[in-house]
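Visitor: I have just opened this entry and would like to learn how to read it. Could you take me through it feature by feature?

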Amino acid sequence: MIQINDLVKVYKTKKDQVVGVDHVSLSIKKGEIFGIVGYSGAGKSSLLRCLNLLEKPTSGEVIIDNISLTKLNQKQLRAARLKIGMIFQHFYLVSSKTVYENIAFALKAANLPAKKTHERVIELLEMVGLADKKNVFPAQLSGGQKQRVGIARALANNPAVLLCDEATSALDPTTTKSILALLKRINKELGLTIVLITHEMEVVKDICDRMAVMEAGKVIEEGSVYDMFANPKQELTKNFVNSILQFELPNHLLEERKGKIIKVTFQGPIAEEGIISDAFQHYKVKGNILHGKIEYIQNNPLGIFIMELTGEDDEITKAIQYIKDRTKNVEVIHHAS
Ligand SMILES: Nc1ncnc2c1ncn2[C@@H]1O[C@H](COP(=O)(O)OP(=O)(O)OP(=O)(O)O)[C@@H](O)[C@H]1O
């Protein structure tokens, strides 16, 4: 659906040049929700804005729905852009127009008869749950409602792709959840491909199917959201995952322990099985859970437990092996000295 080939964006300033996007290649499938995460300055906005050519790439190619956007002339690009909706952190609604007019304005380029425009605006307002707000001005809306107008406007021309630029970053956690639920619903109902950029891993965990992590203009890791949570490889990805799974134990707690401390990650349905209690039954080992959590990522359980094992060294080794054989992911994080 979206193919990004060796994309580079260099900003030239008077004195020097800044690389915003550094040789990025990505494939985003039709109908998926793809998240791009990274800290400030990583190049997320630059990459997203290159996807609809709001920023002109310095080199490389962007192909959407088999059309190479980077090869189009201005007129062709204007037509192609109608198929790419975009929403923003700060909504960018026109303050002097009502909700209805803000949405109708987006339909201007489509040159629909007035009746059709009216029907479409009403349909969009219903889709985003704002039918009763059609005559109010943006200043009278909450942040979440403004973003709903932004979504309705972005969907006006039936786009195939929706680009979301930190769309929930200005919203409180409850409103964020409701906007994410709306995005998920339109993704399912309309088969819309969604690309979102965010610095919040929670957003990715809630609605994305796959994700990429960016640092210094480059994509340093990509994969299914579940795999990235279960088995992050790069330090930065681990930091993002830890921002949700927060499993750092205080040093003094580690120092007070007498046994071996292990971190076990259970993937998929296995998280629901009693592997640990089985291990304790089979071997003369006592376990003390120091931290534990089961997260559900796209309805798949991912269990992470940190525990102290005490007993004979030999028995502990066997118990660890028993758990390892069944979970594949056991890490000894501390030995008592
Ligand atoms: N118009 C511009 N002119 C010059 N440099 C720019 C411009 N836009 C972005 N940059 C630079 O490109 C790099 C990537 O910025 P970008 O805004 O894409 O990152 P980001 O990950 O989206 O960060 P943030 O979340 O803070 O927006 C940064 O070093 C930034 O300073």
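Guide: Let us begin with a term: two strands are said to pair if DSSP finds at least two bridges between them. Please keep in mind throughout that this is a predicted model.

Visitor: With that term in hand, what is the order of the strands in the open sheet of six strands?

Guide: The order is 6-7-8-3-9-10, and the pairing in this open sheet is mixed. At its edges lie strand 6 (84–88) and strand 10 (218–224), each of which pairs on one side only. Neighbouring strands of this sheet are turned against each other by 15° on average, with direction ignored.

Visitor: In which sense do strand 6 and strand 7 pair, and over how many bridges?

Guide: Strand 6 pairs with strand 7 (residues 161–165) in the parallel sense, over five bridges. To find one of these pairs in the view, look for Met-86, whose bridge partner in strand 7 is Leu-163. Helix 5 (residues 143–155) packs on the sheet here, touching both strand 6 and strand 7, and its direction makes about 165° with that of strand 6.

Visitor: Which strands does helix 9 lie across?

Guide: Helix 9 (residues 235–245) lies across strand 3 (33–37), strand 9 (210–215) and strand 10, and it runs at about 120° to strand 9.

Visitor: How should I describe two helices that pack against each other, and what are the angle and the distance for helix 3 and helix 5?

Guide: Two packed helices are described by the angle between their axes and by the distance between those axes. Here helix 3 (residues 99–106) packs with helix 5 at an angle of about 25°, and their axes are 8 Å apart. Because angles under 35 degrees count as roughly parallel, helix 3 is roughly parallel to helix 5. The crossing of these two helices is right-handed.

Visitor: Which residues of helix 3 and helix 5 meet?

Guide: From helix 3 come Val-99, Asn-102, Ile-103 and Ala-106, which meet Val-149, Ala-152 and Arg-153 of helix 5. By class, the residues of this contact divide into five nonpolar, one polar and one charged.

Visitor: At roughly what angle do the axes of helix 11 and helix 12 cross?

Guide: The axes of helix 11 (residues 275–282) and helix 12 (residues 313–327) cross at roughly 150° and come within 9 Å. Helix 11 passes helix 12 in a right-handed crossing. In this contact, Ile-275, Ile-276, Ala-279 and His-282 of helix 11 meet Ala-319, Tyr-322, Ile-323, Arg-326 and Thr-327 of helix 12, and the classes are six nonpolar, two polar and one charged.

Visitor: How many bridges join strand 12 to strand 13?

Guide: Strand 12 (residues 285–297) is joined to strand 13 by twelve bridges, and the two run antiparallel. They form a hairpin with two residues between them, and Gln-298 in the turn has a positive phi of about 50°.

Visitor: Finally, which residues come nearest to the ligand?

Guide: Of the 13 residues around the ligand, Tyr-11, Gly-20, Ser-40, Ser-45 and Ser-46 come nearest. Strand 2 (17–28) and helix 1 (44–51) are the elements that give two or more residues to this shell, and helix 1 provides the largest share, three residues. Sorted by class, the shell has three nonpolar residues, nine polar and one charged.

How values were computed. Residues numbered from 1 in each chain as written. Predicted model: local features only at pLDDT ≥ 70, side-chain atom pairs only at ≥ 80, totals over all residues. Helix = DSSP H or I, 4+ residues; strand = E, 2+ residues; numbered from the N terminus. Axes fitted to C-alpha atoms, helices over the stretch in contact; angles between N-to-C directions. Contact = placed C-beta atoms within 7 Å. Near = placed C-beta within 6 Å. Nonpolar A, V, L, I, M, F, W, Y, C, P; charged D, E, K, R; others polar. Parallel < 35°, antiparallel > 145°, perpendicular 65-115°, else oblique. Left-handed = near helix turned anticlockwise from the far one by under 90°.
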